[in-house]
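Please look over the sequence and the model below before reading on.

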Amino acid sequence: MLVHDEAILSDPARLAAVRRAAQLLPAMDLSLDDVARLAAHSLGAPMATLCLVGVDRTQRLGAHGLPPALAAHDDGSLPHSFAGHVVCDNRLTHAADLPHDADPRLREHPLVGSGVRAYIAVPIRDGAGRPLGALTVFDTRPRRWHGPQELALMDIAGLLTASVRWDGRAASTAPMLDGAALLDSVQEAFVAVDTGGIIRGFNRAAERLLGYTAAQVCCQHLEDTVLPDYRGEATRPALQRLFAAGPARPLVRELTVRHRDGHPLATRASMSVVHGVAGALACMFLTDLSAQVAAEATAERHASFLTALLNSLSVGVMACDDTGRVIVMNPALRRIHGHPDTGPVPDDLPATVSTFLYDAQLQPLSWEQTPLMRAWRGEHLTDLDVVAKLPGRRTRVFATTAQQIQNRDGVRLGAVVVAHEVTPLRRAEHFNACRRDVERALRAATSITDAAPAVLRAVTTALGWPGAELFLIDENTDRLQAIGHHSDNGEGPEGLFGHTPVRNRGVTGRVWQSGQPLWIPDITRYADLTSENEQHRVDLCVRHGIRTVLAVPVRDGGTLLGVLTCYAGAPEVDQDLLTVLLDGVAAQIGVYVALRRAEELALQLTRSQDDFLDLVGHELRTPLTSIIANVTMLTEEATGLDEEQQQMLSTVARNTGMLQHIVDTLLDLAALESGHHRLAAGPVDLVAIVADAVAALRRTTAAGVQLRTDMPHPVLVTGDAGRLRQALDDVLSNALKYSPAGADVHIRLERSGGWAELCITDTGIGTPASERDRVFDRFYRAGNVRHHGTPGSGLGLSRTRTIVQLHGGDIALRPQQPSGTSVCIRLPLDRPDPP
């Protein structure tokens with residue numbers, strides 16, 4: 001608790017004693033700066049002061065270790081010192097961590113801003129016990145002060161009081177250095193020698209460090225004991241120079257001294273000259289550097305190991321110090337930035353980073369937005385994508401991880417970032433999105449020409465390349481023609497797009513010839529482009545900043561349909577990955593082109609069939625009608641013909657009737673599909689229709705084929721009874737036609753989930769699995785039927801499917817084991833079964 005008592009500070013007797021002390025203490029033979037240094041060393045702290053306290057100001061008589069900023073900060077006013085509080089309290093006082101102390105006056109003390117974290121102070125008293133000032137020791141780190149340290153500081157202050165004759169005369173310093181107890185309390189080794197080099201003082205810390213006792217070295221020469229030489233020369237000349245210089249401030253040198261057992265010790269010596277009544281003494285405080293040297297060697301080994309580790313890493317590493325200044329940049333990262341593997345870190349890095357570093361959305365990054373600076377401010381980043389786009393180099397993507405570096409107390413020491421290249425991975429991810437975009441573009445377009453701009457835009461975006469072009473082989477001329485392109489600057493470089501490739505010339509022409517992908521990482525170094533036209537294309541590419549070209553074939557299976565050619569503005573290296581990715585897109589395009597051409601062919605076939613139907617309807621029906629009429633008349637008047645002529649006439653009539661049936665079926669099917677014939681819809685009992693059809697067939701079917709039924713009663717649907725009977729007759733006719741003699745044909749009708757399901761199953765030759773869906777197409781007959789020799793037009797099942805679909809149902813062929821076919825028709829019920 002800080003105490004401030006105006007009565008104590010302004011006491012006349014105390015102030016008179018302060019004035020006497022201000023005269024007597026500086027007149028002592030022992031320097032008051034040395035007393036402050038002794039106090040600091042004895043407590044292992046960097047700084048100490050000795051002050052007298054007036055009413056509202058302090059007078060500094062001695063100091064040690066104060067940096068210039070802190071020395072200038074103390075203007076003598078009482079608030080800038082702890083001495084006034086020590087005088088008022090008249091006892092030892094201390095604080096372990098000023099910025100976090102419970103007393104706000106300590107937390108807000110001006111010295112805290114100068115780096116002071118802890119202090120301990122004892123009062124300086126005169127012979128009558130009056131508090132005159134304070135001896136204060138400061139530390140720049142938090143620490144707790146313990147009993148031995150408190151006693152040592154009180155002893156120093158007591159010895160200082162005892163060394164002054166408060167009647168006006170100062171005590172003298174003996175040749176053997178008065179205050180041996182004071183020196184023994186110091187933690188550092190202390191050695192004092194006279195002008196002749198004879199050791200006059202040797203404290204306990206020196207005994208522990210050097211192995212000698214004070215009795216063994218006192219009155220002995222330095223050269224014969226602890227200091228055989230001074231940096232390779234005799235000790236005496238160096239000692240004479242020290243006495244002659246009489247430095248006002250201690251000289252700090254690194255000395256190698258000799259231990260009693262003979263081994264050398266590295267020390268740091270703080271040397272000063274003290275003048276007393278018995279003459280001048282050279283005082284040396286020795287700090288053992290053995291541990292420091294070992295620590296420095298260890299640190300050097302660690303630094304060498306760390307340097308080797310950083311140099312061997314394939315990932316980029318960058319680190320900054322506590323001020324944010326970049327201090328580490330390993331070779332991998334230097335190569336990314338285009339810098340030499342060794343040398344100083346570029347000073348312009350913070351100013352230029354926004355010209356080549358971008359975020360995942362390709363927005364420029366300022367230095368403050370980089371992962372390193374974000375980590376320096378306290379963020380912990382994991383797998384944050386950063387894009388590097390350096391002039392003349394390929395675009396690269398890096399996943400970065402960054403965090404702040406702290407010491408054990410949580411104080412920021414700097415930050416580090418690690419960058420791992422993920423360009424191939426991100427490209428693969430982008431191409432997944434690219435394939436989806438290509439698929440959407442193809443689905444939305446009516447032709448590949450319409451789809452090309454959107455498709456190529458998706459490709460160039462995924463690649464990060466400036467342009468791409470699609471060529472297709474014209475089916476009529478067999479020439480490769482450009483059908484679309486995309487460029488990131490609109491129409492693209494003049495003359496680059498829209499040219500007509502020549503087979504086996506140029507990049508696109510060579511892929512057209514070989515049917516294999518072609519990768520040119522640097523077109524300026526590709527020696528095979530030698531013709532005048534090829535050199536013109538190379539010059540055009542170079543003039544517009546294009547360096548890498550990748551062309552892949554567009555295929556449908558083994559058929560070459562075209563070439564996809566892409567252009568990059570910087571040399572690229574991921575040949576295998578990019579080729580595979582682009583092949584996938586080219587395959588999508590190939591499938592689309594093939595499907596469009598197949599659809600076009602199907603439309604042409606449909607138009608041909610429609611034309612044929614028109615021909616049948618308008619060109620065949622009239623002459624057939626005339627033929628049938630004449631044949632009928634001839635048949636009626638055939639009494640004058642012989643048997644062979646009557647047989648010939650019967651054959652003409654029978655075949656003309658078959659042809660008339662085919663024409664009628666074709667026209668009926670066309671009318672149903674076009675909507676010219678509408679259904680006469682009404683309530684229909686399928687059981688009745690099936691029963692009538694079966695009864696009619698039993699009267700006309702050859703012996704040996706049995707029709708067996710399995711039906712509930714009744715099964716009502718809404719439909720056209722005539723058309724449904726027509727469809728049933730076509731299916732039953734096929735079942736009987738392809739069933740062997742003695743076989744059974746099963747007709748099963750049942751209700752199932754709101755549907756009436758009618759299945760006609762035979763044990764005939766069946767239908768190959770690959771052709772079951774096609775038997776419903778017009779004119780199509782399965783291969784085994786054609787080879788079997790059974791006549792037919794391929795129209796019956798086509799008309800049946802049309803009738804069923806017009807009734808809202810469906811029809812399908814199902815395999816029957818071990819042989820045969822089951823034709824199943826489903827129609828919606830009028831009254832579905834209750835759930």
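Predicted model: local features only at pLDDT ≥ 70, side-chain atom pairs only at ≥ 80, totals over all residues.

Residues are numbered from 1 along each chain as its sequence is written, and side-chain values use heavy atoms, with hydrogens and water left out.

**The whole protein**

The protein has 25 helices and 28 strands, these being DSSP runs numbered from the N terminus (helices H or I, at least four residues; strands E, at least two). Of its 835 residues, 44% count as buried, where buried means under 20% relative accessible area, exposed over 50%, and partly exposed in between, with a 1.4 Å probe and protein chains only. The accessible surface comes to about 41,900 Å², and 53% of that surface belongs to carbon and sulfur atoms; such areas come from the Shrake-Rupley method with a 1.4 Å probe, and for residues only the protein chains shown count as cover. Among contacts (heavy atoms within 4.5 Å) between residues at least 6 apart in sequence, 59% join residues at least 24 apart.

The buried residues of H17 include Ile448, Ala451, Ala452, Val455 and Leu456.

Helix H18 (residues 506-514) is largely enclosed by the rest of the structure, because seven of its nine residues are buried. Those buried residues are Gly506, Val507, Thr508, Gly509, Arg510, Val511 and Trp512, and their cover includes strand E17 (467-473), strand E20 (548-556) and helix H19 (532-543).

**The largest cavity**

The count comes to seven cavities of 30 Å³ or more. The largest cavity has a volume of about 270 Å³, and of the 19 residues that line the largest cavity, the closest to its centre are Met318, Leu333, His337, Leu357 and Val386. A cavity is a set of points on a 1 Å grid over the protein atoms alone where a 1.4 Å probe fits but cannot get out, and lining residues have an atom within 4 Å of a point. Grid points are joined across faces, edges and corners, and a volume is the space filled by probe spheres set on the points. The largest share of the lining, three residues, comes from H13.

**Two single residues**

Asp321 belongs to strand E11 (residues 316-321) and, at 13% relative accessibility, counts as buried. Leaving aside neighbours within four places in sequence, Asp321 is in contact with Ile327, Trp376, Leu413 and Gly414.

Ser819 lies in the loop between strand E27 (810-815) and strand E28 (821-828), where its 30% relative accessibility makes it partly exposed. With neighbours within four places in sequence again set aside, Ser819 is in contact with Asp762, Thr763 and Gly764. The C-alpha atoms of Ser819 and Asp762 are separated by 8.3 Å, although the two residues are 57 residues apart along the chain.

Conventions: 1 Å grid on protein atoms, 1.4 Å probe; cavity = no way out; pocket = protein on both sides within 12 Å on 5 of 7 lines; lining within 4 Å.
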